[in-house]
Amino acid sequence: MTMGKVLYYTLVDLARNRSVLAFAALLFVVAEGLFLVEGEAIKAVLSLVQVVLALVPLVALVFTVVYTYGAQEFTQLLAVQPIGRSAILGGRMLALGLSFLVALLFGLGLPLTVHAPGGTSLVLLVAAVLLAWVFLALGTLIALVNRDKARGVGTALAAWAGAVLVYDALLMALLFAFSDRPVEPFVLPVAALNPIDLARIAVTIQVDLAAMMGYSGAVYKKLLGSGPGIGAALAFMLLWVAWPTVLAFRVFRSKDL
Amino acid sequence: MDSITFKGVGKRYRKLWALRDVDAGFHTGEVVMVIGPNGSGKTTFIKCLLGLVRPTSGAIHVNGERIGDDPAYRHRIGYMPQISQFPPALTIGQLLDMMRDVRGLAPERTDDGLVEDLGLSTQLQKRLGTLSGGTMQKVSAVLAFRSAPDILVMDEPTAGLDPLSARTVLGRAAAVRERGGTVLITSHLMEEVEALADRVAYLQDGTLRFLLPLREILARTGTDRLSAALPLMLADPR
């Protein structure tokens, strides 16, 4: 019950803040623009995949980190009331998660439904929402662990860069180094180490474009099949939502405010 | 009767002990003035009681129950922090409504007399982000008193308040004592709070040097003011 109240008032605050609204509008404009420019709907969807994979994690991560630091005083104010720590954190994370969901439904879901209804759009939307939640959970954890804001933002950006740039390079190096051995079974867990790659795998298996699937996507499809491959990728993403969330609650429960 | 007891309470931040082995009991119907130099552990002491900070060692009991994960004991506590920061986009009125809702306080059981007394009733539409430091302190005072708390904790309550408002707030604190509450006040400005204090707790480097009735301190040192008595006490606390 108290968690519901924290959720409600955080939602009110987020609505006033307008940043999430601006993000939804930006996505909407980009999506509509792509559908306008590209002749074929599927081409626009594929361009949109790239935009989502780059933009959604970054925005969700940075916004969550900045918001968490900004809410420090409010958190203190709540923490001296008869409210448990879990209710405070749970309410705030739910509010952020809900507003990301609404932003993506509007900014991404609406254009997709209008211009390219179908399985690909659905998988892309689900993957985008999961990506936002993964980086919401990671951002919360990072902001709770680092007392210093500059360090927290830096860590968040490093984590994002790691997922986008470093990880690909490492995977490539790994594949190259073990190119004479059967590495395929190992690709499943190794790809699961990067939530952004998981989102890409899920969407590209659905599209079934070998050119975009990449090596890890191809392995997922080959070893698991299309449906289970997508399912596995999305399930791994859920794990990526779960573990930082569990850790964040554990940290927050005994954190000095 | 003790409403709050500290047993061997210590708090370590990394290598620094901000609070060390504090044993103390605070009674119902008294005002205790908590003093000490900057960095002596006053705020950590208060934060431990409020559950903002987890003690590294020891236990704190409020009304006989050890405080831990269960936040229910805070229903009885009113807290006025040293510095208040509120969500800047909210108005004073919205904040008051929200905090009442969050606390689960029924409107008819909410004591908002201070809103009137501190001259805030005409400013309820003002956004919190636009308020002066003094006005923020007034809002903070209203929040501390409105649930008619048994335990009132105030961290430098008079800092930033004009003398008239400070007197109003301290008068309210005295009323909490009259109806059997426990009041803890940290303060640098001794005279104002001294007039109210029943006992004085002195913290230094995280250690409780003494916790004694003000009258006894004055009698023992042969002075009539705490500011004069303090150096003598510190030279010979026994």
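**Close-up views of a predicted two-chain model**

**View 1. With a relative accessible area of 46%, A:Glu40 is partly exposed.** Please keep in mind that everything shown here comes from a predicted model. Which residue does A:Glu40 meet in a salt bridge? The partner is A:Lys43, and the N to O distance between the two side chains is 3.9 Å. A:Lys43 is partly exposed as well, at 44% relative accessibility. Taken over all chains, the structure holds 15 salt bridges, and the pair A:Glu40 and A:Lys43 is one of them.

**View 2. Helix H9 of chain A covers residues 195-207.** How far apart are the end C-alpha atoms of this helix? They lie 19 Å apart, which agrees with the 18 Å that 13 residues should span at 1.5 Å a residue. At the start of H9(A), look for A:Asn194: one of its side-chain oxygens reaches to within 2.9 Å of the backbone nitrogen of A:Ile196. After the other end of the helix comes A:Asp208, with a positive phi near 65 degrees.

**View 3. Helix H9(A) is largely enclosed by the rest of the structure.** The buried residues include the charged A:Asp197 and A:Arg200. Among the others are A:Pro195, A:Ile196, A:Leu198, A:Ala199 and A:Ile201. Further along, A:Ala202, A:Val203, A:Thr204, A:Ile205 and A:Val207 are buried too. As a reminder for reading this view, an α-helix has 3.6 residues a turn, so residues three or four places apart point the same way.

**View 4. Chain B is built from 8 helices and 10 strands.** Its C-alpha atoms fill a box of roughly 55 × 40 × 35 Å along the principal axes.

**View 5. B:Asp112 and B:Arg146 form a salt bridge, with 3.1 Å between the closest N and O atoms.** The two residues are 34 positions apart and link distant parts of the chain. B:Asp112 sits in the loop between helix H2 (92-103) and helix H3 (113-117) of chain B, while B:Arg146 belongs to the loop between helix H4 (133-145) and strand S7 (151-155).

**View 6. A salt bridge joins B:Arg172 to B:Asp117, the closest N and O atoms being 3.4 Å apart.** This pair, too, links distant parts of the chain: B:Arg172 lies in helix H5 (residues 163-178) and B:Asp117 in helix H3 of chain B, 55 residues apart. B:Arg172 is partly exposed, at 21% relative accessibility. B:Asp117 also counts as partly exposed, at 45%.

**View 7. A:Arg253, B:Arg54 and B:Asp69 belong to one network.** Salt bridges that share partners join these residues, which come from chains A and B.

Notes: Residues are numbered from 1 along each chain as its sequence is written. Chains are lettered from A and ligands numbered from 1 in the order in which they are written. This is a predicted model: local features need pLDDT of at least 70, side-chain atom pairs count only at pLDDT 80 or more; totals for chains, interfaces and linings use all residues. Side-chain values use heavy atoms; hydrogens and water are left out. Helices (H or I, at least four residues) and strands (E, at least two) are DSSP runs, numbered from the N terminus. The expected span of a helix is 1.5 Å times one less than its number of residues. Buried means under 20% relative accessible area, exposed over 50%, partly exposed in between (1.4 Å probe, protein chains only). A polar contact is a pair of N or O atoms within 3.5 Å; within protein, one must be able to donate a hydrogen and the other to accept it, and residues adjacent in sequence count only if both atoms are side-chain atoms. A salt bridge is a side-chain nitrogen of Lys or Arg within 4 Å of a carboxyl oxygen of Asp or Glu.
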